[in-house]
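Here are some notes to read alongside the model. Take the points in any order you like, with the structure open next to you.

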Amino acid sequence: MSMRGLRILVVDDEQDYCNVMKVILNAKGHQTALCTSGADALSLLSKNTYDLVITDLIMPEMDGNQLLHEIKNRYPDTEVMMMTAYGTIENAVGAMREGAYSYVTKGGNPEELVREIEKLQSMLELKRENELLKEKVAHVDVMLDSKSPGFLEMLSIAKKAAASDTNVLILGESGVGKEVIAQYIHRNSLRKNKQFMDLNCHAIAETVLESELFGHEKGSFTGALHRRIGRIEAADQGTLFLDEIGDIPLTMQAKLLKTIENKKIYRMGSNEELEVDFRLVTATNKNLEIEMEEGRFREDFFYRISTIVINIPPLRKRQEDIPLLIDYFFKRSQNEMKKPIHRIDPDVMDFLKNYHYPGNVRELKNIIERLVVLSEDGVVQKEALPTFSQRSKPENQASIQDERGLKEIRRETEKNHIESVLRRHNNNMTKAAEVLGITRRQLFNKISEYNLEK
């Protein structure tokens with residue numbers, strides 16, 4: 001795995017030596033800045049972020065140890081490497097005690113410096129991965145913290161589904177957090193310590209989707225310079241999450257259906273059959289019943305992926321959760337952008353708590369990020385709200401409701417009709433299915449999809 005180059009600041013009172021260091025470091029893929037004094041280094045650090053400062057120990061006015069002390073006090077996340085032609089064990093121990101990452105001899109073999117930097121790269125890469133993992137877990141936990149009865153009921157179904165290996169189909173509008181629920185299912189399954197592989201099928205061009213899913217051998221097509229392991233093979237023993245499953249073409253649906261049934265795959269360009277053991281979770285914001293009626297989605301594929309159907313309620317039906325999400329996204333945005341917020345205009349909070357959110361949680365997150373970006377002197381003002389949102393203030397909610405798409409209206413009508421038929425026939429599934437003109441299996445899926453009580 002290739003590692004990201006570091007942002008490095010070299011501090012040495014000899015300009016020629018600085019220039020040599022820049023050539024060496026840039027050749028290794030790092031971004032290198034130079035300065036010739038401790039004071040200049042602190043000035044640069046106040047304006048820019050660096051992963052590593054490499055400083056000479058012996059310098060006039062402010063030596064390397066003094067600079068190290070200032071950096072560790074002001075910028076504790078910046079690593080410092082000391083260099084000196086007067087290398088002694090005492091100097092090395094002293095610098096390390098003060099917080100230096102390492103200590104190398106100036107004028108020695110450049111490979112010694114390169115090796116130390118590579119060690120630091122590995123350490124920082126691991127640290128970043130751990131931080132990203134913690135952030136992802138914390139994000140999922142906040143997204144699942146709910147006071148909404150409908151959302152909590154959905155979570156209960158998801159947790160029960162997680163205990164088995166059955167295929168799960170997650171339904172919900174765009175932006176409701178389908179990937180979060182997929183991760184929740186994985187975390188509560190027996191496969192939780194294995195890989196969670198995800199793929200957004202809508203974001204992948206049809207021409208490369210097969211390679212993404214099944215992988216390919218070197219030379220299997222023009223541009224295939226190396227063997228590639230596909231998402232299905234990478235998910236072996238773990239969970240495979242396919243988002244926007246409603247967007248994959250019919251030919252790929254047929255190939256996936258065979259894979260789900262046999263749990264075997266072939267990489268593109270290979271005759272070697274590979275056994276794979278994965279748990280399948282899929283998601284879509286499309287009405288797959290309509291997609292099947294119009295010939296864009298295979299019925300046999302639908303029944304194979306929808307053993308359990310989980311329907312995530314939209315944010316507008318989780319009003320009690322909105323304050324918690326507002327608080328979370330404001331804190332997250334402030335941390336990411338390093339822009340502290342001291343005051344939020346009451347009109348902004350009123351809007352955020354009552355807006356309809358057709359884009360659900362994703363729209364709430366985007367609006368808050370915009371507000372933080374456009375804040376001035378730590379104050380969020382209503383003028384920073386998006387213009388489309390200002391036209392859709394809470395008092396205009398009725399007009400927003402009337403502007404729903406045909407799919408949403410059809411879903412609501414269908415749900416109400418199924419509920420009415422079930423009531424009239426005392427929840428007799430056979431009779432209700434007969435009246436509705438669908439099979440008992442289809443009716444059961446509809447009840448799960450719409451979270452209806454039988």
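How close do the axes of helix α13 and helix α15 come, and at what angle do they cross? Keep that one in mind for the first point; and note before starting that this is a predicted model.

1. **Helices α13 and α15.** The axes of α13 (residues 322-337) and α15 (residues 360-373) come within 9 Å and cross at roughly 45°. Angles from 65 to 115 degrees would count as roughly perpendicular and angles under 35 degrees as roughly parallel, so α13 is oblique to α15. As for handedness, the crossing of α13 with α15 is right-handed.

2. **Who does the touching there.** On the α13 side, the contact is made by Leu 325, Ile 326, Phe 329, Phe 330, Arg 332, Ser 333, Gln 334, Glu 336 and Met 337. On the α15 side you'll find Val 361, Leu 364, Lys 365, Ile 368, Glu 369, Leu 371, Val 372 and Val 373. Sorted by kind, the residues of this contact between α13 and α15 come out as 11 nonpolar, two polar and four charged.

3. Have a look at the loop between β12 (308-311) and α13, which is where Arg 318 sits. Is Arg 318 buried or exposed? Its relative accessible area is 2%, and the cut-off for buried is under 20%, so Arg 318 counts as buried. Leaving aside neighbours within four places in sequence, Arg 318 is in contact with Met 143, Ser 146, Ser 148, Phe 151, Pro 313, Leu 325 and Val 361.

4. Most residues other than glycine have a negative phi. Lys 338 has a phi near 55°, a positive value in a residue that isn't glycine. Tyr 357 isn't a glycine either, and its phi is positive at about 50°. Where are they? Lys 338 is in the loop between α13 and β13 (343-344), while Tyr 357 is in the loop between α14 (346-354) and α15.

5. **Helices α8 and α10.** Now over to α8 (residues 206-214) and α10 (residues 250-262), whose axes come within 11 Å and cross at roughly 10°. With the limit for roughly parallel set at under 35 degrees, α8 is therefore roughly parallel to α10. This crossing of α8 and α10 is right-handed. Leu 209, Glu 210, Leu 213 and Phe 214 of α8 make the contact with Met 252, Lys 255, Leu 256 and Thr 259 of α10. That contact of α8 with α10 divides into five nonpolar, one polar and two charged residues.

6. Ser 220 lies in the loop between α8 and α9 (231-234) and is partly exposed, with a relative accessible area of 28%. What does its side chain reach? The side chain of Ser 220 gets to the backbone oxygen of Glu 217 at 2.9 Å. Beyond its neighbours within four places in sequence, Ser 220 is in contact with Met 268 and Gly 269. Ser 220 and Met 268 are 48 residues apart in sequence, yet 6.4 Å apart in space, C-alpha to C-alpha.

7. **Helices α19 and α20.** The axes of α19 (residues 429-436) and α20 (residues 440-449) come within 9 Å and cross at roughly 95°, which means α19 is roughly perpendicular to α20. Met 429, Thr 430, Ala 432, Ala 433 and Leu 436 of α19 meet Arg 440, Leu 443, Phe 444 and Ile 447 of α20. By kind, the residues of this contact of α19 with α20 are seven nonpolar, one polar and one charged.

8. **Leu 34, back in a strand.** Last stop: Leu 34, in strand β2 (residues 31-35). Leu 34 is partly exposed, with a relative accessible area of 24%. Setting aside neighbours within four places in sequence, its contacts are Leu 9, Val 10, Gln 15, Cys 18, Asn 19, Lys 22 and Leu 44. To place Leu 34 against point 2, it is 296 residues from Phe 330 in sequence and 36 Å from Phe 330 in space, C-alpha to C-alpha.

Methods:
Residues numbered from 1 in each chain as written. Predicted model: local features only at pLDDT ≥ 70, side-chain atom pairs only at ≥ 80, totals over all residues. Heavy atoms only, no water. Axes fitted to C-alpha atoms, helices over the stretch in contact; angles between N-to-C directions. Helix = DSSP H or I, 4+ residues; strand = E, 2+ residues; numbered from the N terminus. Parallel < 35°, antiparallel > 145°, perpendicular 65-115°, else oblique. Left-handed = near helix turned anticlockwise from the far one by under 90°. Contact = heavy atoms within 4.5 Å. Nonpolar A, V, L, I, M, F, W, Y, C, P; charged D, E, K, R; others polar. Buried < 20%, exposed > 50% of the residue type's maximum accessible area, 1.4 Å probe, protein only. Polar contact = N/O pair within 3.5 Å; in protein donor to acceptor, adjacent residues only side chain to side chain.
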